[in-house]
Amino acid sequence: MDEKKRNEAYNKYVKAKIPKTRPWPSLFNSFWIGGLICCLGQGINDLILLWFPNMAEQTAWAYTLIVLIFLASFLTGIGVYDRIGKFAGGGTIVPITGFSNSITSPALEFKHEGIIYGLCVKMFTIAGPVIVVGIVSSILVGLVYLFI
Amino acid sequence: MAKNQTVKFKNKPVIIGSYSIVGPKEGQGNFGQYFDYVMKSDSFGEKTYEKAERKMIQNAIIGAIEKAKIKPTDVDILLAGDLLNQIISSSYAARDFNFSYLGLFGACSTMAESLAVGASLVDGKLFDHVVCSTASHFSTAERQFRFPLELGNQRPPTAQWTVTGAGACVLAPKGHGPRITMATFGRVVDYGINDVNDMGAAMAPAAMDTLLCHFRDSNTTPDDYDLIVTGDLGKLGSEILIDLMEDQGIKLGLNYNDCGQMYYTREQATLSGGSGCGCSATVLNSFIMKKLRDGSYKKVLFAPTGALLSTTATQQGDTIPGVCHAIVIESGEG
């Protein structure tokens, strides 16, 4: 009992002592870099439609995503993406580029443990939960559609 | 009545040789000029970082043996440990040596743990030459305890930077060099911190516990030491330790500092400072040894702390236990 009280008091003390992250500069950086990535996506989309005027808009979206995923993966491979991420925080995690980075980075890290047990198994350690949530929510939405 | 946790060595084992090897980032840090060898790249010519860490330990051991001016065949036993699962860096490094090996795990306190055990073995006249070593590597620790290197995430301000470095030293019953006069074996202390990004706060109570025991058992005060140094509490952790000690009525003054806090320069943006086995080991085996040898320091209390967590225990919601071992090193012929 005494120990519990001591630990609670200590946790409270530490919480007060921890240096706070300043939210406004981080929010600002993630806002403008995240926005920049979205603008880049829109630009790629517009260019594809400009060069291939007969392409359906939905197909162009797919190609835009492919380009963005490739770019993020490439930047991860040459060790640049983590630096941008350190600066931009949520701004580089939320767009699809963050998803690409979260798959490429463990793949790079674990490739020395073999193609199957290293690369393939560990590739989704970070992105896995996102995929699970995506699939589960699509099942739920599908069920809702089934009954209405 | 509290139990005595401090051993006083009658024969005062001598540290006859010490060696430190660090990564390029560490070489640019505050202790850069004191290290014996600064690697040109983090991979050290190896295919994986785990192999690099192993090679660092091997080189540190060989370096310490050379600086002690003894032959590898003179060494009786190696005491070593590191942060990786099953302490592979130390054990795999020991494969290539032809002496007995004892693997130790004290997380980041391993340097003090191995010296305390080594000094006991030498003091008891059981062995003539004992090598103590430990290492850590930023990239291997990061992968095991946190996220992949290239993941674009932000680190909280309490996070620390694992030092890429290895240190080793050779203990002998006689010879020239600083002497180990006392060792305090620490207890495992847990104050209920479960934030893995805040190791300093998790380990500070262990440091307090061991330091209190040490001052009580040895009948000394902080003023009796030229330097009291903890391992990797970092900026936040060492501030907490000062507060905790003050609550207990002991004031840690200007002679107290923390290796992790001192390790990197401000421009290197390591947030709360350095951490890892290599942090205290490389500072001890470079800067502190040099200052003890040239007599700038007469008496040093070296008390690195270790967080004894594993990712499994943390993911199951367990809190982080800490441990701290302290040794007293005195300069000159005692």
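Across the interface of this predicted model, 28 residues of chain A are in contact with 20 residues of chain B, where contact requires C-beta atoms, placed from the backbone, to lie within 7 Å. On the side of chain A that touches chain B, the elements that give two or more residues are helix H1 (2-17), helix H4 (81-88), helix H5 (90-93) and helix H6 (96-110) of chain A, and the largest share, seven residues, comes from H6(A). Helices (H or I, at least four residues) and strands (E, at least two) are DSSP runs, numbered from the N terminus. By class, this side of chain A holds 10 nonpolar, 13 polar and five charged residues; Ala, Val, Leu, Ile, Met, Phe, Trp, Tyr, Cys and Pro count as nonpolar, Asp, Glu, Lys and Arg as charged, and the others, Gly among them, as polar.

Residues are numbered from 1 along each chain as its sequence is written, while chains are lettered from A and ligands numbered from 1 in the order in which they are written. Because the model is predicted, local features need pLDDT of at least 70 and side-chain atom pairs count only at pLDDT 80 or more, whereas totals for chains, interfaces and linings use all residues.

**The two chains**

Chain A has eight helices and zero strands, and chain B has 10 helices and 16 strands. The radius of gyration of chain B is close to the value from the globule rule for 334 residues, so chain B is as compact as a globular protein of that length.

| Chain | Radius of gyration | C-alpha extent along principal axes | Buried residues |
|---|---|---|---|
| Chain B | 18 Å | about 50 × 50 × 35 Å | 56% of 334 residues |

A residue is buried if 20 or more other C-beta atoms lie within 10 Å of its own, exposed if 12 or fewer, and partly exposed in between, with C-beta atoms placed from the backbone. Among contacts in chain A between residues at least 6 apart in sequence, 56% join residues at least 24 apart; in chain B, residues 24 or more positions apart account for 80% of the contacts with a separation of 6 or more.

An automatic or database domain assignment divides chain B into domain 1 (6-172) and domain 2 (179-330), with 17 Å between their centres, taken over C-alpha atoms. The contact between these domains takes 53 residues from domain 1 and 58 residues from domain 2. On the domain 1 side, H4(B) gives the largest share, seven residues, and the classes are 29 nonpolar, 16 polar and eight charged.

Leaving aside neighbours within four places in sequence, B:Phe302 is in contact with B:Ala112, B:Val229, B:Leu284, B:Ala326, B:Ile327 and B:Ile329.

Key. The radius of gyration is taken over C-alpha atoms; the globule rule is 2.2 Å times the number of residues to the power 0.38. Two residues are in contact if their C-beta atoms, placed from the backbone, lie within 7 Å.
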